[in-house]
Amino acid sequence: MLFYDPTYILVLIGAILSMCASARVNSTYRKYSRIRSYSGLTGAEAAQRILRGAGIYDVQVEYIHGNLTDHYDPRDKVLRLSDGVYGSTSVAAIGIAAHECGHAIQDDRAYVPLQIRNTFVPVANFGTKAALPIILVGILFGSSYVLIEIGLLCFFFGVAFQLITLPVEFNASKRAVRILGDTGILTEEELHGTRKVLSAAAMTYVAAAAASILSMFRLLILFGGGRKRR
């Protein structure tokens, strides 16, 4: 029942949304990664300039291998930029670097949604990994609804994390575009491309949240009314 039932269409819809969002961000990134910025700054140089301009001197900018693996690590105070961003002078690279700087600025300014998300990380990681195994154990033990409900709660933690992530990502992109414009790192014409790249990237988080909600809805349909049916 858990793996072969009509409600699996909800999981399929979530997967399609995620694939479409991923395809969009990849195509948009490829387009604007071919457009060199007038400033000639690399992603790493733009990041350094933004951080210093924001009065942040304790965050290091480092290279990390991979494609679109860019991220800010608040624990180590490190902003890591990927192959196509660190040394690239493209509009896309500078926009992504600025977005990650947005997270560093959020951290420095004690932006509340980011603090909540960072606090929620271990709970969400546990919930995401443990939810389905706990539910399966509940089924194997004669439909133990206590275990099933614990599993549903764990899954909810993962969904909640996805939702908490949305304002954090949108705010980081908003900060990035504003800073790039105010500092003149990108021209208004270039900012148009940067907005498209960051908007496409934001949609991947929206799609992930939607997919999680659909999966949660499916589990609630399958097991949410267990005690009532008992």
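User: What pattern does the chain follow when read along the sequence?

Analyst: The model is a predicted one. It gives the chain eight helices and three strands. Read along the sequence, these elements follow the pattern α-α-β-β-β-α-α-α-α-α-α.

User: What does the C-alpha trace of the chain span along its principal axes, and how much of the chain counts as buried?

Analyst: Along the principal axes, the C-alpha trace spans about 65 × 35 × 25 Å. Among contacts between residues at least 6 apart in sequence, 73% join residues at least 24 apart. The chain has 230 residues, and the share that counts as buried is 46%.

User: In what order do the three strands stand in the sheet, and which strands are at the edges?

Analyst: The three strands form an open sheet with mixed pairing, in the order S1-S3-S2. Strands at the edges have a single partner strand each, so one side of each is left without a neighbour in the sheet. Neighbouring strands of this sheet are turned by 25 degrees against each other on average, direction ignored. The edge strands are S1 (60-63) and S2 (71-73).

User: Which strand pairs with S3 in the parallel sense, and which in the antiparallel sense?

Analyst: Strands of a sheet pair through backbone hydrogen bonds, either parallel or antiparallel. S3 (residues 78-81) and S2 pair over three bridges, and S3 and S1 pair over four bridges. The parallel partner of S3 is S1, and the antiparallel partner is S2.

User: Which residue of S3 stands opposite Val 61, and which is the bridge partner of Tyr 72?

Analyst: Val 61 has Leu 79 of S3 opposite. Tyr 72 has its bridge partner in S3 as well, and that partner is Leu 79. For Val 61 the residue is Leu 79, and for Tyr 72 the partner is Leu 79.

User: Which residues of S3 point the other way from Val 78 and Arg 80?

Analyst: In a regular strand the side chains alternate between the two faces of the sheet. From S3, Val 78 and Arg 80 point one way, and all four residues of the two groups are buried. Pointing the other way are Leu 79 and Leu 81.

User: Where does Lys 77 lie, and what is its phi?

Analyst: Lys 77 is in the loop between S2 and S3, and that hairpin has four residues between the strands. With a relative accessible area of 26%, Lys 77 is partly exposed. Phi of Lys 77 is positive in a residue other than glycine, near 55 degrees.

User: Ala 110 has a positive phi although it is not a glycine; is Ala 110 buried or partly exposed?

Analyst: Ala 110 lies in the loop between H4 and helix H5 (112-140). Its phi is about 55 degrees. Its relative accessibility is 37%, which makes Ala 110 partly exposed.

User: How are helices H6 and H7 oriented to each other?

Analyst: The axes of H6 (residues 145-183) and H7 (residues 188-223) come within 10 Å and cross at roughly 170 degrees. Angles over 145 degrees count as roughly antiparallel. The residues of the contact of H6 with H7 divide into 24 nonpolar, seven polar and two charged. The orientation of H6 to H7 is roughly antiparallel.

User: Which residues does Ser 215 touch, not counting residues up to four places away in sequence?

Analyst: Ser 215 is found in helix H7. Its relative accessible area is 19%, and under 20% counts as buried, so Ser 215 is buried. The residues touched by Ser 215 are Val 11 and Phe 155.

Terms used:
Residues are numbered from 1 along each chain as its sequence is written. This is a predicted model: local features need pLDDT of at least 70, side-chain atom pairs count only at pLDDT 80 or more; totals for chains, interfaces and linings use all residues. Side-chain values use heavy atoms; hydrogens and water are left out. Axes are lines fitted to C-alpha atoms, for helices over the stretch in contact, and angles run from 0 to 180 degrees between N-to-C directions. Angles under 35 degrees count as roughly parallel, over 145 as roughly antiparallel, 65 to 115 as roughly perpendicular and the rest as oblique. Ala, Val, Leu, Ile, Met, Phe, Trp, Tyr, Cys and Pro count as nonpolar, Asp, Glu, Lys and Arg as charged, and the others, Gly among them, as polar. Two strands pair if DSSP finds at least two bridges between them. Buried means under 20% relative accessible area, exposed over 50%, partly exposed in between (1.4 Å probe, protein chains only). Contact means heavy atoms within 4.5 Å.
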